[in-house]
Amino acid sequence: MQQPTTLHALLGAVLDAQESARLFDQLQIAPALLRPLAAEASRAELAQALNMLLFRGLLERVPLAVACVAERRASGQKVCFDHGALRTVAWPSGALPAGQAAITRVLVPLGFEQAETYPLPRLKMTGRAWRHRDLPQDIAQFFVSELHPEAFSPAFQATVSRVIGDSRDPLSAQDLAELAQLERDRALPLASAQRLLPRLAGCFERQHGLFAWDDYESLRAESAEMAWIATEGNAFNHATDRVDDIDAVVELQRRAGRPVKSSVEVSASGRVRQTALAAAPVLREFRQGQGVIAREVPGSFYEFIARAPLPDEAILDLGFDAANATGIFGMTAAGAR
């Protein structure tokens with residue numbers, strides 16, 4: 001029987017034993033994150049636990065991702081969770097800090113640091129990679145993008161304000177105090193970390209309320225990305241499996257009849273290659289007149305990435321590429337029905 005670890009104790013406070021065991025079975029986990037149960041949880045262990053919960057959340061929304069993970073396990077492999085991507089809006093957002101600050105106030109105490117910035121001018125967005133200080137190759141990165149409404153029309157800006165202007169802050173004063181303690185000490189008492197973990201996961205959701213279908217259509221006319229944020233909020237736009245042979249993965253997806261991207265995105269360096277499956281449709285509610293309607297809109301998706309080592313180094317190129325990101329973001333640009 002496997003010895004209990006602090007990571008098991010963290011997830012066990014949120015998930016039942018079967019769900020927790022499934023995650024450990026699906027994902028590669030570095031030995032350094034599987035230390036015996038301790039009185040404190042390190043920032044790396046808490047970061048890993050959060051990433052595992054967010055990965056599970058994406059599987060709940062993306063059936064194709066479930067099938068891909070099952071294939072990995074059937075072949076005797078586990079998923080190497082490379083990064084999760086999410087979108088924010090650099091605009092007044094009610095009680096929620098604007099833009100990436102809503103997320104980075106969580107990432108920094110967990111041990112993440114900003115690695116690179118990627119201008120995405122075609123999308124009127126900026127992407128930033130956040131990498132873990134302690135285990136950069138082993139703990140999944142966060143690719144956090146910000147949309148810039150000031151680059152769009154005045155009507156678009158007014159619609160953004162209507163949609164996200166009532167956003168709530170999912171973190172309480174106690175949560176923020178514990179995050180400050182975590183940033184200072186790089187660890188938390190286990191009971192505090194167990195209490196905080198689901199609160200942190202709650203930051204990766206939609207924080208604003210119901211809005212009008214007409215506003216959704218208005219946003220989509222200028223920015224598919226903002227329309228996506230309007231329905232999905234700060235949820236993972238996609239989660240990414242790091243693979244050895246991306247061409248073989250593409251061929252496997254095509255043979256399985258899955259809607260894989262028509263081309264592989266290749267970075268300027270040639271070291272980072274990415275592709276993805278089409279976004280899963282999701283049913284969301286909107287206000288219309290005096291009532292509420294439901295419409296199918298693009299949800300999240302599953303991505304694959306292959307990373308080659310840096311020149312003359314044994315470590316992988318953990319960077320991203322603005323052109324790659326722009327191409328991958330298009331997986332959620334399909335029209336709503």
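## Basis and terms

A residue is called buried under 20% relative accessible area, exposed over 50%, and partly exposed in between, with a 1.4 Å probe and protein chains only. Helices (H or I, at least four residues) and strands (E, at least two) are DSSP runs, numbered from the N terminus.

The model is predicted: local features need pLDDT of at least 70, side-chain atom pairs count only at pLDDT 80 or more, and totals for chains, interfaces and linings use all residues. Residues are numbered from 1 along each chain as its sequence is written, and side-chain values use heavy atoms, with hydrogens and water left out.

## The sheet

Eight strands form an open sheet with mixed pairing, in the order β3-β4-β5-β2-β7-β12-β9-β8. Strands β3 (112–120) and β8 (265–266) stand at the edges with a single partner strand each, so one side of each has no neighbour in the sheet. Two strands are taken as paired if DSSP finds at least two bridges between them. Strands of a sheet pair through backbone hydrogen bonds, in a parallel or an antiparallel sense.

Strand β2 (residues 81–89) is mostly covered, with nine of its nine residues buried. On one side, β2 runs parallel to strand β5 (residues 141–147), and seven bridges join the two; here Thr88 is the bridge partner of Glu146 in β5. Strand β2 also runs antiparallel to strand β7 (residues 238–242), with four bridges between them. Two positions illustrate this pairing: His83 has Thr240 of β7 as its bridge partner, and Gly84 stands opposite Ala239 in β7.

Strand β7 is largely enclosed by the rest of the structure, because five of its five residues are buried. His238, Thr240 and Arg242 point one way from β7, Ala239 and Asp241 point the other way, and all are buried. Strand β7 also pairs with strand β12 (residues 301–307), in the parallel sense and over five bridges. In that pairing the bridge partner of Ala239 is Tyr302 of β12.

## Helix packing

Helix α10 (residues 224–232) lies across β2, β4 and β5 and runs at about 95° to β2. Axes are lines fitted to C-alpha atoms, for helices over the stretch in contact, and angles run from 0 to 180 degrees between N-to-C directions. Contact means heavy atoms within 4.5 Å.

Two packed helices are described by the angle and the distance between their axes. For helix α7 (residues 173–185) and helix α8 (residues 190–201), the axes come within 10 Å and cross at roughly 115°. The contact involves Gln174, Asp175, Glu178 and Leu179 of α7, and Ser192, Arg195, Leu196, Arg199 and Leu200 of α8. These residues of the contact divide into three nonpolar, two polar and four charged. In this division Ala, Val, Leu, Ile, Met, Phe, Trp, Tyr, Cys and Pro count as nonpolar, Asp, Glu, Lys and Arg as charged, and the others, Gly among them, as polar.

## Salt bridges

A salt bridge is a side-chain nitrogen of Lys or Arg within 4 Å of a carboxyl oxygen of Asp or Glu. By this rule the count is 23 salt bridges. One of them joins the side chains of Arg258 and Glu71, at 2.8 Å from N to O. This pair links distant parts of the chain, 187 residues apart: Arg258 is in the loop between α11 (246–255) and β8, and Glu71 is in helix α4 (residues 63–74). Arg258 counts as buried at 15% relative accessibility, whereas Glu71 counts as partly exposed at 25%.

Asp215 forms a salt bridge with Arg162, with the closest N and O atoms 2.8 Å apart. This pair also links distant parts of the chain, 53 residues apart, with Asp215 in helix α9 (residues 213–222) and Arg162 in helix α6 (residues 154–164). Asp215 is buried, with a relative accessible area of 10%. The side chains of Asp185 and Arg184 also meet in a salt bridge, at 2.8 Å from N to O. Asp185 is partly exposed, with a relative accessible area of 39%, and Arg184 counts as exposed at 62% relative accessibility.
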